[in-house]
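Hello,

Here is the structure I promised to pass on to you. Have a look at it first, and then read my notes below.

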Amino acid sequence: MLLAALLGACEREAQPFSPTLSVHFLDVGEGDSIFIELPEHKAMLVDAGDSYLGLDITEYIQKAGYRKIDYLVATHPHADHIGSMSYIVRHMPVGDVYMPRVSEGSVPFRNLLSALKEQGLTVKEGKAGVNILHSGETSVDILAPESIDEEELNNCSLVLKLTCGRHRVLLTGDMEAKAMEVLDADLGADVLKVAHHGSADALSESLLRRIAPRVAVISCGAGNDYGHPHADTVRLLTRSGVKIYRTDADKTVIVTSDGKTLKVTAGNPSMERGN
Ligand SMILES: [Zn+2]
């Protein structure tokens, strides 16, 4: 089933919709992987799900018509975000790589660092204030972290703001509400990727008021062991009139914008085998 929602004014209905930004929230089960099509046929991948998804994510990107990932972003070094990144680095050409400055020693993180070294890639430090890309009316900026506390790796997550004309998409990794609330940046966005798979610590009323999204996307696995998304987080979004898409129910969710009109489609192919 293909569900489609058209959001915002459609003052140019007679003209064909030609998006300059497409954000694919891939259904990778319990984890995050977000593939982004940018102007000038550039591609970005933010996170890469768990370790068994490398081939599926690579094929998805190739089927979309891309031979290179121009910008690779690891929000933070947890396995459900970087598990397949070493595979992808070894199987596709990669341009710039952004990560927070952390030294966590998990196996998937060490594998990723080895793969980057093999490919001769160096890591650029991702932190608040870094602009990754600016092209016409499209830009990608890093809003967080402002500082690093390796005791709380989720809160070291890179937070990205994608801007396309009048539209903004906020990608939050697993950063908890308490860490986002103290950020100086303008967090306002039309589309919010809810942090930490919609956990109880992902949102607060004041943070949601500050972001004021129309659409929320929750990336989580069907029947996951963590109870994600938490009922309170879903209730808060619903009560605030935010339209929720969930990768466990809606599969891969694609948000597109031409700077004036924003579209959301759900029911796109899943990376999860058997779906
Ligand atoms: Zn996570």
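Predicted model: local features only at pLDDT ≥ 70, side-chain atom pairs only at ≥ 80, totals over all residues.

**What I found**

Residues are numbered from 1 along each chain as its sequence is written, and side-chain values use heavy atoms, with hydrogens and water left out.

The chain has eight helices and 16 strands (DSSP runs numbered from the N terminus: helices are H or I with at least four residues, strands are E with at least two). Of its 275 residues, 58% are buried, meaning under 20% relative accessible area, while exposed means over 50% and partly exposed lies in between (1.4 Å probe, protein chains only).

Now to the inside. The largest nonpolar core holds 32 residues, and among those touching the most other members are Phe-35, Leu-45 and Ile-57. Such a core is a set of buried Ala, Val, Leu, Ile, Met, Phe, Trp, Tyr and Cys residues joined through side-chain atoms within 4.5 Å. Elements that each supply at least two of its residues include strand S4 (42-46), helix H1 (54-63) and helix H4 (107-118). H4 gives the most, with four residues.

Phe-35 has contacts (heavy atoms within 4.5 Å) with Ala-43, Leu-45, Tyr-60 and Ile-61, among others, leaving aside residues up to four places away in sequence.

Which of its residues are buried? They are Phe-109, Leu-112, Ala-115 and Leu-116. These residues sit on the same side of H4, because they cover an arc of only 125 degrees around the axis (taken from the directions from the helix axis to the C-beta atoms). An α-helix has 3.6 residues a turn, so residues three or four places apart point the same way. On the other side of H4, Lys-117 and Glu-118 are exposed. The cover over the buried residues of H4 includes helix H2 (79-82), H3, S6 and strand S7 (123-125). Just after H4 comes Gly-120, with a positive phi of about 70 degrees.
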